[in-house]
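Q: I've just opened this structure and I'd like to learn how to read it. Could you take me through it feature by feature?

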Amino acid sequence: MKIKAVRGRAMRMLFAGMALLMLLAPEGHVRAHPGHADVPGLRLWRDADGVFELEASFALQRDGKVQLIKHDGSAVWLALEKLSQADREWVRQRVASIAALNGEDQPTRITNESIVNDKPSLTAVVVMSIVGIVVVLLAANITRKRWSNPMPAMAVAALLSLLGILALAQAAQEGVPGIQKHFEPFANKLKFRSDETYFYVESNGMPDHQMMVGIRAWQQQVPIPQAYAGRNAWSIPLHPKMAEKSVSAKTALFRGAIALAVNGVPIFNPIKNDGRTDTFTAGELDNFGGHCGKGDDYHYHIGPVHLEKIVGKGNPIGYALDGYPLYGYFDAAGKEPKNLDAFNGRIEKDGYRYYSTKKYPYVNGGLRGVVSVVDDQIDPQPRANPVRPEGRPLRGAKITGFSRDDERKQLKVTYDLAGKTQSMGYTAKDGGVYEFTFTDATGKVTTETYSGKGGDGKKGDGKKDGKGGKKDGDMNKKDGPMGKKDGDGQRLPWLGAHFDELDLNKDGYLTRTELKKEIDTTFAGFDRDKDDRLVRDEYEKGANVKSALAGFVKGHAEEMSDSKGMITRESMEGALFRMFDKSDKGKTGKISKADASRSGGGGKGKM
């Protein structure tokens, strides 16, 4: 009886020790309150009167007010009616999409508190090992079994530790979003995090492969690392939902990215921001389907199918910004997918997915999922950080060489122009300073230094210090869409800057009819031979044309012209009317000066 009692006590002690072991085992998730660098969804908010601007993240809508979270994590409440029309519409769409994604009718607060801890804690493993050994020691002592043979006890302790490790690993794996495994082949270049709503990807937008070689239509832009990090990271919905009304890339989304490749490089609409040019057929893309935008930001315009060599065939090569995956040319059966919809997608047993194709639209032809579109781009999404003024087309140039030294922070592009080899490149220095070097056909070297002080997605000041005389005078002098400043020194959209000149009857409103008169006057002034088309010599040397629009045409002719550099009356009207329509949010056919002065009226270098 005594022996049975002792054994009973031993078993109770053993079970008690195992219970203690389970209590000590940490959870697979940890809760954290990250600093301002991790505030998701940061965007610029404006009031209805254009008096203030606030960079903050939307948190909650309640009782006619919105709560915004600033950089430092502090909250501020603003009356919804006091915000700009564009911001009110953004809030409406955002609240509706969040409620739909969560199956709710009530507004949902956006948080960023759930951070995945994907590695078992070494401390936890050690603690569990010690506890396991103690439990066995207690059991052995109670049953008066000494340590003449400690191997069984050590084996039990090791088994308990192994079980603890497996439990921790399983809990950690359960906490990792399924989407993450598709980005992990590039984990040495990327950083991940997630919350209940989004999977966040941080990258510098620079792929490991060669860039720029093969481009035949070039605007003298070169790849510069971008700060897609912190609050400026890429965000992909974890729970995508089909939208009642899809957004077609044929008629919208000409600004910004529509997808993100699994190597952290954004994917843009295959049609450039003029709304009509196919970047692939126009010769603007390199051998990997990418090029640089006006902010020197590298991105793809067609499916990056070369990534299948790394991620494996049958795996996603990217994710659209609505949360649905993008695949290569073939489906899981190794066959070219049939019956694709207008968006290059179809529903399969595991859900909706997009495919790449060798013909237009090449990638997802828009967004089938629920998204928010603001100023013709998916919102939120990161911003590029230009450090210098945008370049101009270099007609006839073909890029033939590319070299890059990440350790020295150097990059160079070599190109052929009229049968002669030239090059341009840069060395990145501390403080966001870039020293550009230009080598002409004679071997003469000139340099320019630019200081991009924006950091973390904000635009730099683009100041340059020329050394050696190579300057493009038009880059700083041209009157772009953000060409003039208001009384506070803020850059205004082109329509806002020239509103008083365009408002012919001075009634405080600009109509499409008034804008068309400006277009007709400018076009007729440039069209010297009256053949209803403008060649470069006409619009670049039309110094006698005196109109508000003349300077804009000279500075942005490439956004109105065809592949031969010709501008028609229709293409000029199309470019200007697109700017007008972005300001005409109510689709009334007329806009006020306040409407024309908002960013929707045409951003810098955007049509």
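A: Let's start with burial: a residue is buried under 20% relative accessible area, exposed over 50%, and partly exposed in between, using a 1.4 Å probe and protein chains only. Alanine 548 has a relative accessible area of 10%, so it is buried. Keep in mind that this is a predicted model, where local features need pLDDT of at least 70, side-chain atom pairs count only at pLDDT 80 or more, and totals for chains, interfaces and linings use all residues. Residues are numbered from 1 along each chain as its sequence is written, and side-chain values use heavy atoms, with hydrogens and water left out.

Q: Where is alanine 548 found?

A: Helices (H or I, at least four residues) and strands (E, at least two) are DSSP runs, numbered from the N terminus. Alanine 548 sits in the loop between helix 11 (536-540) and helix 12 (550-555). Its C-alpha atom is 6.7 Å from that of histidine 498, although the two are 50 residues apart along the chain.

Q: How do I read a sheet, and in which order do the four strands come?

A: Two strands pair if DSSP finds at least two bridges between them. Here four strands make an open sheet, ordered 2-3-4-5, with antiparallel pairing. Strand 2 (42-46) and strand 5 (75-79) are at the edges with a single partner strand each, so one side of each has no neighbour in the sheet. Look at strand 4 (residues 65-69): five bridges join it to strand 5 in the antiparallel sense. One of the partners to find is alanine 75 in strand 5, which bridges to isoleucine 69.

Q: What about nonpolar cores?

A: In soluble globular proteins, nonpolar side chains tend to be buried together. A nonpolar core is a set of buried Ala, Val, Leu, Ile, Met, Phe, Trp, Tyr and Cys residues joined through side-chain atoms within 4.5 Å. The largest one here has 62 residues, and Phe183, Met212, Trp218 and Phe436 have the most contacts inside it. Strand 11 (residues 257-261) gives the most to this core, with five residues. Another core, of 28 residues, lies apart from it and includes Leu502, Leu510, Phe552 and Ile567.

Q: Which residues is tryptophan 218 in contact with?

A: Contact means heavy atoms within 4.5 Å. Leaving aside neighbours within four places in sequence, the contacts of tryptophan 218 include Met212, Arg392, Pro393, Tyr415 and Met424.

Q: How do I spot a salt bridge, and how many does the structure hold?

A: Side chains of opposite charge can pair when their charged atoms come close. For a salt bridge, a side-chain nitrogen of Lys or Arg must be within 4 Å of a carboxyl oxygen of Asp or Glu. The structure holds 21 of them. Take aspartate 581 and arginine 512, whose closest N and O atoms are 2.8 Å apart. Aspartate 581 lies in helix 13 and arginine 512 in helix 10, so this pair ties together parts 69 residues apart in sequence. Aspartate 581 is partly exposed at 31% relative accessible area, and arginine 512 is partly exposed at 33%.

Q: Which residue does arginine 569 form a salt bridge with?

A: Its partner is aspartate 532, with the closest N and O atoms 3.9 Å apart. Arginine 569 is in helix 13, while aspartate 532 is in the loop between helix 10 and strand 29 (533-534), 37 residues apart. For a network of salt bridges, find Asp331, Arg346, Glu348, Asp350 and Arg353.
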